Amino acid sequence: MDKNFLVIGIMFFVAYIFQFIFTLLQTKNITNTYLMLSKKYKGNYYIGMNKRKKIGLNSIVIIVVDHSMVIKELHAMKGIFLTSRMKPIIVKGEIKINELSNEKEILEKKLGKKVYMALQNAAENILDCV
């Protein structure tokens, strides 16, 4: 019985180490995406980022808008796996962040409900800072 307990303990420890490594890689990917967008749009654009802080399925969104509040670039991380990465999302047409509710059905269909909610929150963060 003691040997089984030891094996289970080692398995939990190994799983914890893997989770730590994948979380570290995920965080590095988010940081690299943010830094790349900061350098690309240096000084001419606002960059908003949202991460829900509740436990559960989370979406992370980074949006870049110009001074007229039109979305220029959108990156999102969606999914439940630790291997999820930030991916660019192509937005057709000019969508202003203060008019997201007008495009709700189209964006929810394209992005998904959780990503759309994160997009709305990131847009609110930008509008609050301006």
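These are my notebook entries on a predicted model of one protein chain.

**Ground rules**

I number residues from 1 along each chain as its sequence is written. Since this is a predicted model, local features need pLDDT of at least 70 and side-chain atom pairs count only at pLDDT 80 or more, while totals for chains, interfaces and linings use all residues; side-chain values use heavy atoms, with hydrogens and water left out.

**Entry 1: the whole chain**

I started with the elements, and the chain comes to three helices and four strands. (Helices are DSSP runs of H or I with at least four residues, strands are runs of E with at least two, and both are numbered from the N terminus.) From the N terminus on, I read the order as α-β-β-β-β-α-α.

Next I checked burial: 29% of the 130 residues count as buried. (Buried means under 20% relative accessible area, exposed means over 50%, and partly exposed is in between, with a 1.4 Å probe and protein chains only.)

I also looked up contacts, meaning heavy atoms within 4.5 Å. Among contacts with a separation of 6 or more, 48% come from residues 24 or more positions apart.

**Entry 2: helix α1**

How far should the 39 residues of helix α1 span at 1.5 Å a residue? The answer is 57 Å for residues 2–40, and the end C-alpha atoms are 57 Å apart, which agrees. (The expected span is 1.5 Å times one less than the number of residues.)

I noted Gln-26, Ile-30, Thr-33 and Leu-37 as buried in α1. Asn-29 has its place in this helix too. Leaving out residues up to four places away in sequence, Asn-29 touches Met-77, Arg-85 and Met-86. I also looked at Asn-29 against Ser-84: they are 55 residues apart in sequence, and their C-alpha atoms are 9.4 Å apart in space.

**Entry 3: Met-77 and Ser-84**

Met-77 took me to strand β3. With a relative accessible area of 6%, Met-77 is buried. I listed what it touches, not counting residues up to four places away in sequence: among them are Gln-26, Asn-29 and Ile-30, as well as Asn-58, Ser-59 and Ile-60. Ser-84, Arg-85 and Met-86 are also included. Met-77 and Lys-87 are ten residues apart along the chain, and their C-alpha atoms are separated by 6.3 Å.

I then followed Ser-84 into the loop between β3 (71–77) and β4 (87–89). Is Ser-84 buried or exposed? Ser-84 counts as buried, at 12% relative accessibility. Its contacts, leaving aside neighbours within four places in sequence, are Gln-26, Met-77, Lys-78 and Gly-79.

I found Met-69 in the loop between β2 (60–65) and β3. Met-69 has a positive phi of about 65°, although it is not a glycine. At 9% relative accessibility, Met-69 counts as buried.

Ile-62 is in strand β2, and I have Ile-62 down as buried at 0% relative accessibility. Its C-alpha atom is separated by 7.3 Å from that of Ala-122, 60 residues apart along the chain.

**Entry 4: helix α3**

I turned to helix α3, which has 17 residues (113–129). Its first and last C-alpha atoms are 25 Å apart, close to the 24 Å expected at 1.5 Å a residue.

Which residues of α3 are buried? I wrote down Val-115, Tyr-116, Ala-118, Leu-119, Ala-122, Ala-123 and Ile-126. Seen down the axis of α3, these buried residues fall within an arc of 160°, so they line one face of the helix. (The arc is that of the directions from the helix axis to the C-beta atoms.) A reminder to myself: an α-helix has 3.6 residues a turn, so residues three or four places apart point the same way. On the other side of α3, Lys-113 and Asp-128 are exposed.

**Entry 5: α2 against α3**

Last, I looked at helix α2 (residues 104–111), whose axis comes within 7 Å of the α3 axis and crosses it at roughly 125°. (Axes are lines fitted to C-alpha atoms, for helices over the stretch in contact, and angles run from 0 to 180 degrees between N-to-C directions.) The two helices are therefore oblique to each other. (Angles under 35 degrees count as roughly parallel, over 145 as roughly antiparallel, 65 to 115 as roughly perpendicular and the rest as oblique.)

Where they meet, I noted Lys-104, Leu-107, Glu-108 and Leu-111 from α2, and Lys-113, Val-115, Tyr-116 and Leu-119 from α3.
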